[in-house]
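This report describes side-chain contacts in one protein structure. Please look at the sequence and the model before reading on.

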Amino acid sequence: MTLSLPRTALSIAELDDLDHDGVVRFVRALEEFGHRMVWIPEVAGREAFTTAALVLSATEKLIVGNGVARALERVPKSAGSAARDLAAGYPGRYVLGLGVSGAVRERGVGPLPFLRSYLDGVDEVAAGVPRVLGAYSAGITKLAAERADGLITFLVTPEHTRWARETVGDLFLSVVQWAVVGRSRAEAREVARQRLAYYLTLPHQIAKLTRLGFTEADLAPPGSDRLVDALVACGTPAQVREAVQAQYDAGATQVALTLVGPLDDGKLAAYRALAEEEN
């Protein structure tokens with residue numbers, strides 16, 4: 001299957017901090033502003049598939065992807081059944097995204113064989129549902145080309161995007177790009193570091209960033225200026241769009257923006273401005 005999805009999207013981590021009614025208001029606002037697609041990361045607090053169902057039911061046309069659901073959180077049958085029902089209930093509006101971290105080694109199996117077997121189980125109940133894999137390693141990136149309709153990456157530089165494109169050929173490739181709108185570079189660094197702190201504790205993220213050429217000094221909390229500047233776009237909406245062009249130039253099919261920082265009136269205004277910039 002060839003995925004045909006909007007060239008721009010959002011990756012909305014804010015949902016972890018919102019209650020049911022807050023999620024409904026937020027995603028309806030995004031749709032009203034003119035955004036066409038959101039990816040929902042599964043990080044903390046919210047369960048992937050019930051949250052996807054909530055966002056789909058609260059909006060009229062918004063395309064929703066799990067970006068990504070953590071395979072270790074549920075057995076393949078559960079993930080596949082949930083994905084099948086969402087795809088059937090909201091035709092053309094749902095994409096299954098799956099990923100696994102190195103934590104799976106605690107079960108005595110590596111991420112690649114685990115995910116390959118997991119996809120076998122998903123296929124038994126959800127064959128044909130559009131799906132992408134979250135990946136950084138060569139093995140799982142190649143698995144995406146073999147067993148999925150696309151690849152989604154996160155916290156990567158254009159150099160990684162170029163490598164991923166060379167690895168997967170013409171496969172759909174979404175790149176989640178962090179951005180801070182309406183602040184100076186110095187202010188953007190401060191905001192980004194608050195969010196980055198968590199990821200600098202995760203071995204698979206450290207390994208990925210090390211492969212991208214960042215040093216131990218760069219990755220020591222709270223992260224060097226070099227690291228933050230390479231991973232986070234900042235400025236006006238137009239400047240952010242200009243900055244993420246590097247990801248398109250490197251081979252991204254889609255760039256999904258994550259606006260870093262608290263969800264306040266200023267951030268909502270930034271979401272509106274980004275939609276206007278795009279449209």
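How many salt bridges does a search of the whole structure find? The search finds 13 salt bridges, a salt bridge being a side-chain nitrogen of Lys or Arg within 4 Å of a carboxyl oxygen of Asp or Glu. The model is predicted, so local features need pLDDT of at least 70 and side-chain atom pairs count only at pLDDT 80 or more, while totals for chains, interfaces and linings use all residues. Residues are numbered from 1 along each chain as its sequence is written, and side-chain values use heavy atoms, with hydrogens and water left out.

**Salt bridges**

Side chains of opposite charge can pair when their charged atoms come close. The table lists some of these pairs.

| Pair | N to O distance |
|---|---|
| Glu73 and Arg70 | 3.6 Å |
| Arg147 and Asp120 | 2.9 Å |
| Arg189 and Asp225 | 3.4 Å |

Glu73 is partly exposed because its relative accessibility is 47%; the term covers values between buried (under 20% relative accessible area) and exposed (over 50%), with a 1.4 Å probe and protein chains only. Arg70 is also partly exposed, at 32%.

Arg147 and Asp120 form a salt bridge at 2.9 Å. This pair links distant parts of the chain, with Arg147 in helix H5 (residues 138-147) and Asp120 in helix H4 (residues 111-126), 27 residues apart. Helices (H or I, at least four residues) and strands (E, at least two) are DSSP runs, numbered from the N terminus. Arg147 has 22% relative accessibility, so Arg147 counts as partly exposed; Asp120, at 40%, is partly exposed as well.

Asp225 is partly exposed, at 36% relative accessibility. Both residues belong to a network of salt bridges that links Arg185, Arg189, Arg193, Asp225 and Asp229.

**Aromatic pairs**

There are six aromatic pairs. Rings of Phe, Tyr and Trp (its six-membered ring) pair if their centres lie within 6.5 Å; planes under 30 degrees apart are stacked, over 60 edge-to-face and the rest tilted. Phe114 and Tyr118 make a tilted pair, 5.7 Å centre to centre with 35° between the planes. Both lie in helix H4, four residues apart, which is about one turn of the helix. Phe114 is buried at 14% relative accessibility, and Tyr118 is buried at 3%.

Phe154 and Trp178 make an edge-to-face pair, 6.0 Å centre to centre with 70° between the planes. Phe154 is in strand E7 (residues 150-154) and Trp178 in strand E8, so the pair ties together parts that are 24 residues apart in sequence.

Gln254 is in strand E10 (residues 254-259). Its relative accessibility is 0%, so Gln254 counts as buried. Not counting residues up to four places away in sequence, the residues Gln254 touches (heavy atoms within 4.5 Å) include Arg7, Trp39, Phe172 and Tyr248. The charged end of Arg7 sits over the ring of Tyr248, 3.6 Å from its centre; this requires NZ of Lys or CZ of Arg within 6 Å of the ring centre and within 35 degrees of the ring normal.
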